[in-house]
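Q: I have a model open and would like to talk through how it is put together. Could we go over it piece by piece?

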Amino acid sequence: MNGRYGRMLYRSKGALISAILLAAILLVTGAGFILLRGDVATATSFSGTMIPPFSLVHGFRDVLGTDLLGRSELFRLIVAARTSLAVAFSAAFLAAAFGAALGIVAGFRKGFLDTIIMRLSDAIQSFPSLFLAVLFLYIVEPRIENIVILLVVGRLPMFIRVARAETVTVVNSLFVDAARCLGASGWWLCLYEIAPAILPTMLTLAALEIGVLMLVESALSFLGVGIQAPGVSWGIMVSEGRDWIQSAWWLTVFPGLCIATVSISCNVLSNWLRLATNPVERWRLDTDVHAPDVGLPAVLPGI
Amino acid sequence: MPQLSIEDLSVEFRTARGTAHALRQINLTVDRAETLAIIGESGSGKSVLARTILGTLVSPPGHVTAGRIRLNGIDLLALDARSYRKLQGDRVAMVFQDALVAFNPLYQIGWQIAEVFNIHRYMPMKAGFERAIGLLRRVGIPNPEQRAHAYPHQLSGGMRQRAMIALAVALEPDVLLADEPTTALDVTVQAQIMALLESLRQETGMALILITHDIAVAAEVADRVAVMYAGRIVEEGRAIDVLSKPRHPYAQGLVALASGSSATVVAIPGLPPDLSELPTGCAFHPRCTFADDLCRRRDPATRSIAEQHSVACHHSEEASADA
């Protein structure tokens, strides 16, 4: 089976490239934990400020340029990846998991529980999320955990809505009915019949969210309630570099490129995964005749 | 004691548009190893009856307003949801019309059959899968070791229906309900599937309730036949009696339609009634050639006209004399 997934990935070039890019970013981030110790990312060097990228004159450290304080752009990117990836992936995953659970319950049970869940999600949605964020992070400490909680709550309604809508369609399909006729309990139906059926949609949605989440997280920093200096994330780097976009483009372009790469790769991969995990459709990825290009997603979030 | 007995069962659907009387005073019994065919046109209540027996009537809007269903003496309608669930798929099982949509498209066939053992016998899925292979072999699927790994869409219609039957008989139920099991299949496969159901019935001694609108199929396999119209059983008896000498005008029409040379076939005039606005008296009277004032006024009681043959018609004597 693993061989089959490998083959299907190899045959669909877009997904393969995305997987390689994501793996590379994760690898570099991971390697950073071992190689970038101490303050290398925050170390300033006033003898070499605003060095343009792609020159090795100042050594490997400055290959992607330096900022106003002479900090290495490359090292900062690698360290910032930790925060960005951790926040975006965990928030997307948690929002998808909780949203799916609540959406399934709402769609499956209907009635009172449905009403409560949906009205709660309406309430969250109707509240300006940035205002809520500022308020919340003013009260609690702006640590990563709290930021993740905030992002999860803020993005939850969309997941709930989609999960509920999907559940309502799946619940009415005959195979759920058949399982019920075989004596399956409500829990069983939710876990083994409905959840697997809506999982691909949830994955796609979560992948779309990753780009959005990275930007929202930087918006929080911009408002002064997100990650605090000296902590850094890609989003923060973009907003910091914004002031020098005409003189030092590399300060915005590189972190921006990182965000775009991660979110597009996740998108393409989730499209591929959607096809590859569907037993009825996956032959399309597994034949020699023609492997369809999974292609770029229709929506590029927030970019 | 009959395997399954239904006494005075009435089911209503209460909707905003009114109350639909889906089942009205159904009385039926099925013995061990017996095949009962329930025939009738669409909307006559056949499927509602099956759902009610299975305990999967959607409620609301469905409500059982009266009656009892006894399985081996246990009153099913008095059971709580959990105990009922223990019987579903175990003592009563169902074969669906379209196996393609009745199987979950995301799981391999073998695992879906294994689930039944897992749910009811707490058997590990791996062991259930082994049992599934045995069952697939028993229902005549060649190469069961490989087919157990097939997804529903990878099997042909006939194979899928066989797999569906394997799933339904996995725990050797006492009563097997088959709701139009052959309607989605072509004629040669139909015969094979019916033969398979018959042989399983003889082997395991289960009672088979065959819901169909195909009178030829009913004539071939059924021991007894019940004819339904507008939520009522209008005629019931041994298959040979009902199908060769139907007494109810509606049953006569059905049988004539099924057997008639096309030259003499006359469709039953009119349409089946709206179940929420049943005509007064006998529900069939607007379409019946024998209808008179009595029919318009009073719904006929079910009466026994011969040994094991009952009919609900005021004029069954005239009707059968005429036919």
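Predicted model: local features only at pLDDT ≥ 70, side-chain atom pairs only at ≥ 80, totals over all residues.

Q: What sheet has β4 and β5 of chain B in its order?
A: They belong to an open sheet of four strands in chain B, ordered β2-β1-β4-β5, with antiparallel pairing. Because β2 (18-30) and β5 (74-75) of chain B each have a single partner strand, they stand at the edges, and one side of each is left without a neighbour in the sheet.

Q: Which helix packs on that one?
A: Helix α1 of chain B, residues 46-54, packs on the sheet and touches β1 (4-15), β2 and β4 of chain B, with its direction making about 70° with that of β2(B).

Q: Switching to the other sheet in chain B, what is the strand order there?
A: That open sheet is formed by eight strands of chain B in the order β6-β7-β8-β3-β9-β10-β12-β11, and its pairing is mixed. Its edges are β6 and β11 (303-306) of chain B, each with a single partner strand, so one side of each is left without a neighbour in the sheet. From one strand to the next, the twist averages 20°.

Q: And how does β11(B) connect to β12?
A: Three bridges join β11(B) to strand β12 of chain B, residues 309-311, and the two run antiparallel. Within this pairing, B:His309 in β12(B) is the bridge partner of B:Ala306.

Q: Which strands of this sheet does α1(B) touch?
A: α1(B) packs on this sheet by touching β3 (35-39), β6, β7 (175-179), β8 (207-212) and β9 (224-229) of chain B, and its direction makes about 150° with that of β7(B). Helix α11 of chain B, residues 249-259, also packs on the sheet, touching β3, β9 and β10 (232-238) of chain B at about 110° to the direction of β9(B).

Q: How many bridges does β8(B) make with β3(B)?
A: Five bridges join β3(B) to β8(B), and the two strands run parallel; in that pairing B:Ile39 stands opposite B:Thr212. β7(B) and β8(B) likewise pair in the parallel sense over five bridges, with B:Ala178 opposite B:Leu210.

Q: What about the nonpolar core, how many residues are in the largest one?
A: The largest nonpolar core has 180 residues, and those with the most contacts inside it are B:Ala166, B:Val175, B:Leu176, B:Leu177, B:Ile209 and B:Val227. The largest share of this core, 20 residues, comes from helix α3 of chain A, residues 73-109.

Q: And what is B:Val227 in contact with, away from its neighbours in sequence?
A: Leaving aside neighbours within four places in sequence, its contacts include B:Ile39, B:Gly40, B:Ile233, B:Val242, B:His248, B:Tyr250 and B:Leu254.

Q: Now the contact between the chains: how many residues does each give?
A: Chain A gives 17 residues and chain B gives 20 residues. On the side of chain A that touches chain B, α7(A) gives the most, with six residues, and by class that side has eleven nonpolar, three polar and three charged residues.

Q: Is α7(A) itself buried or exposed?
A: Seven of the eight residues of helix α7 of chain A, residues 174-181, are buried, so the helix is largely enclosed by the rest of the structure. What covers its buried residues includes α6 (144-171) and α8 (186-222) of chain A, together with α1, β6 (92-95) and α3 (99-102) of chain B. Just after α7(A), A:Gly183 takes a positive phi of about 95°.

Conventions:
Residues numbered from 1 in each chain as written. Chains lettered and ligands numbered in written order. Pairing = 2+ DSSP bridges. Contact = placed C-beta atoms within 7 Å. Axes fitted to C-alpha atoms, helices over the stretch in contact; angles between N-to-C directions. Buried ≥ 20, exposed ≤ 12 C-beta atoms within 10 Å, placed from the backbone. Nonpolar A, V, L, I, M, F, W, Y, C, P; charged D, E, K, R; others polar. Core = buried A, V, L, I, M, F, W, Y, C linked by C-beta atoms within 7 Å.
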